[in-house]
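Subject: Handover of a structure

Dear colleague,

Please find the structure below, together with its sequence. My notes on what was found in it follow.

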Amino acid sequence: MAKKNSVNPRAGMDVDSFKKDIEEHLRYTLAKDQYSSTAWDDYRSVVLSVMDRLHDRWIQTQQGYYKSDEKRVYYISMEYLIGRLLDNMLVNLGVQDVAAEAMKKVGLDYDKVRNAEWDAGLGNGGLGRLAACFLDSMATLGIPAIGYGIRYDYGIFYQQIENGFQIEKPDMWLRYGNPWDVVRPKIQYNVPFYGDSHAYHDDGGDLRFKWQNTHDVLAVAYDTPIPGYKNDIVNNLRLWKASSSSSIDLKSFNQGQYIDAVRDTQLNENISRVLYPNDKVFVGQELRLKQEFFLVAASMQDILRRFRKTNDDWRKLPEKVAIQCNDTHPNLAIPELMRVLVDEEGLSWDLAWEITEKTMAYTNHTLLPEALEKWPVSLLRNLLPRHLQIIYEINRRFLQQASEKIGDDKGKISRLSIVSEGEDPVVHMASLGIVGSHKVNGVAALHSDLIKKTLFRDFYEIYPEKFTNKTNGITPRRWLKQCNRPLADLITDEIGEGWVTDLDQLKKLEKKTDDKKFMKKFVDIKQANKKRLAEYVEEKRGIKLNEKSIYDIQIKRIHEYKRQLMLALYAITQYNRIKANPDEDYTPRTILVAGKAAPGYTMAKLFIKLMNDIGEKINNDPDVGDRLKFLFLENYSVTLAEKMIPAANLSEQISTAGFEASGTGNMKFALNGALTIGTLDGANVEIKEEVGEENIYIFGNTVEDVDRLRHEGYNPWDYYNSNEELKKAIDQIKDGFFNEDKELFQPIIDSLLHKGDYFLVLADYAAYVETQEKLDKLYLDQKEWNRVALLNTARVGKFSSDRTIRDYAEEIWKVDVKK
């Protein structure tokens, strides 16, 4: 047990100090006692006690960075899906058991306190969750880093299922405030919009520009501590909240025009009001562009303020500052840094460009051309006039440089142009990111290879040295030690605790596959996790799960390329088989799906309705019983993932090959002892290399096969007509078997049969079903299934986000890793 702190009792890491601190915060900070306190008060008193133990470390860490004047990493992301923080903070401080015991002595139940916390849903999915994992790893590795984002009043919507349909409700994560963040009212920056760009000549006769007559919005800093694992380092996540830069117009107010007086204030504050959902395709919206520049401009001012404290030579900026843009959203940082250096600091264009390019780096997260951001020139001209001028100049110089390499290839020059041609020109933000950064990375080996061969081929020919791969990873602190404590404890008992910060040590578990005592514990833990999830499902849905069945889980954004539809067709096929031959033996299976569809993505929302209707039919059929269940669990979140992943036997990673950039759910499931059924897409390729092809269940068309099928002329009718089970499943959807409204699911039928089945669901269906049959047989041999499950856990050490961040640090950011 940790020793008491005699100097500062609020920093004590023992049970008694924690207990006293919780009690004092309840009474003296919150003005409550045991009679008047609510569950939220109890939770806040615990959080405040944890924050007491973070503050000294937080201050000392930041002072240390300042004194050593180390190069810092600035990670700019529109999304951070950080989830609940209490467990994470206690695990990384190494006092989870101490805190739990202290709560018990106060009369609090740890689980009830933990469940009072609202998920901080400041992200749509993988992009935001990756950013959260990266923050954890940067702190654990001792990298001087700050994450920048937006403090959205409303995170990703709260999903309710009503009559099978997704209904979006506001995510009120801040309804009672956020006890984890500290507002910094003295750290505020003006963020300008609109106005005009004024040309003039400076004293030396050089042409200069000044952005003037702007409408300014205030960015106010809110800081959240990010502790490393047991290393006393606490980094910072700084989120910006929009506020009005001017007070209420008293003249209007006094004249009774209250609405006019507060209108501008409300419009300004709208910038940080709501997180935009991740839609099927990129749709330009003025508010979204405002959000992106708001984040970039506030963060850039903060970064440069910190640099100026200890440096007065702008040439040293790349030696002290590394800025990583998480996807295209922050790429406006490139023209913004140029504007500051050229317009405000008076640097020459060439020097400013050299500094900017060496400072910036860009991560690409998509292979879908339609999902890449493209901002209308007309919108930029109105909202950010000076930045549009800078983008045009960047583009002019780049195309001039490119033409020297590739000659007069007008087609290629047109494809390379950052600004498109035509009546409604747009700015391609990915192209801007490539041209203005010194490194551009994909997030899995296949993804990085494909962007060089397809999406950014022309850029790769000019800048081969810029392109690199950084395969994504997950933090083992949250995705094993926190979310699956029994398995984490078993592993620690066997091989020590070193795996928590060196996940490759899990390889030591390979020799345990023949250890009967260990394997029994391993299996019992999985079974207990399945039981916990079954209890949750029964409480929420009133449906009892067969805990001996295969828990077959797909959790991710609902999207056509992720092919939840193929899993639904498989569920129908299994149902039809049982109905046709009810006396046969079947490997029992529980199929669980969770995920959110963007509010404007009609097809994805229709998938949710279809899955719920299929589940309604299957789950209420007495002929099926507990041999098959199909459920869609509402309001997928980090917290729900922490329940589902440890319980999974089988992980569904079935995207159309060539569409998933990486995926990280695949890593989380494998780490927790689930087998994977998947295509050779994203990080599945590397998981196969690590766990061995005999320990992962790969099926379907490869990237090359997909290209060949399209080239030869793919006809989904051929597959429909040649596979009776597939035909029957599709016909049942079409003919009203699952819903008496025969027109309801017609768009799904059209997409599969009449519009070309773009995501090749029918082409991969037979191979998918055949692979599922192999898994059914394997599950009957529990010894072999569990051996493969343990090998998956033992062999995925590569997919720690610590490894990913080491790679970024060494190859892109050029910063030292302390551990």
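Two strands are said to pair if DSSP finds at least two bridges between them. Helices (H or I, at least four residues) and strands (E, at least two) are DSSP runs, numbered from the N terminus. This is a predicted model, in which local features need pLDDT of at least 70 and side-chain atom pairs count only at pLDDT 80 or more, while totals for chains, interfaces and linings use all residues. Residues are numbered from 1 along each chain as its sequence is written, and side-chain values use heavy atoms, with hydrogens and water left out.

Strands and the sheet

I begin with a hairpin. Strands β8 (residues 196-201) and β9 (residues 207-212) run antiparallel and are joined by six bridges. Within this pair, Tyr-200 stands opposite Arg-208 in β9. Five residues lie between the two strands of the hairpin, and Gly-205 in the turn has a positive phi of about 90 degrees.

Another part of the model is an open sheet of nine strands with mixed pairing, in the order β7-β10-β11-β4-β1-β12-β13-β16-β17. Its edges are β7 (182-193) and β17; each has a single partner strand, so one side of each is left without a neighbour in the sheet. On average, neighbouring strands of this sheet are turned by 25 degrees against each other, direction ignored. (Axes are lines fitted to C-alpha atoms, for helices over the stretch in contact, and angles run from 0 to 180 degrees between N-to-C directions.) Strands β13 (residues 360-363) and β16 (residues 439-442) pair in the parallel sense over three bridges, and Thr-363 stands opposite Asn-441 in β16.

Two helices deserve a look here. Helix α2 lies across β1 (72-76), β4 (145-150), β7, β10 and β11, and runs at about 95 degrees to β11. Helix α9 packs on the sheet and touches β1, β4, β7, β10, β11 and β12 (321-326), its direction making about 115 degrees with that of β7. Contact means heavy atoms within 4.5 Å.

The nonpolar core

In soluble globular proteins, nonpolar side chains tend to be buried together. A nonpolar core is a set of buried Ala, Val, Leu, Ile, Met, Phe, Trp, Tyr and Cys residues joined through side-chain atoms within 4.5 Å. Buried means under 20% relative accessible area, exposed over 50%, and partly exposed in between (1.4 Å probe, protein chains only). The largest such core has 264 residues, of which Val-50, Met-138, Trp-180, Trp-240, Phe-294 and Trp-813 touch the most other members. Helix α9 (residues 286-310) gives the most to this core, with eleven residues. Leaving out residues up to four places away in sequence, Trp-813 touches Lys-71, Val-73, Met-138, Ala-322, Gln-324, Ile-805 and Tyr-808.

Salt bridges

How many salt bridges does a search of the whole structure find? The search finds 67, where a salt bridge is a side-chain nitrogen of Lys or Arg within 4 Å of a carboxyl oxygen of Asp or Glu. In one of them, the side chains of Arg-57 and Asp-232 meet at 3.0 Å, N to O. This pair links distant parts of the chain, 175 residues apart: Arg-57 is in helix α2 (residues 39-68), and Asp-232 is in the loop between β10 (215-227) and β11 (234-244). Arg-57 counts as buried, at 16% relative accessibility, whereas Asp-232 counts as exposed, at 52%.

A salt bridge also joins the side chains of Lys-466 and Glu-357 (2.9 Å, N to O). Here 109 residues separate Lys-466, in the loop between α18 (457-462) and β17 (467-469), from Glu-357 in helix α12 (residues 349-359). Lys-466 is buried at 3% relative accessibility, and Glu-357 is partly exposed at 21%. Salt bridges that share partners also join Arg-184, Asp-223, Arg-238, Asp-302, Arg-305 and Arg-306 into one network.

Cysteines

A disulfide is counted as a pair of cysteine sulfur atoms within 2.5 Å, and the count comes to zero. The sulfur of Cys-133 is too far for a bond, because the closest cysteine sulfur, in Cys-483, is 11 Å away. Cys-133 is buried, at 1% relative accessibility. Cys-325 is in no disulfide either, and its nearest cysteine sulfur, that of Cys-133, is 20 Å away. Cys-325 is also buried, with a relative accessible area of 0%.

With kind regards
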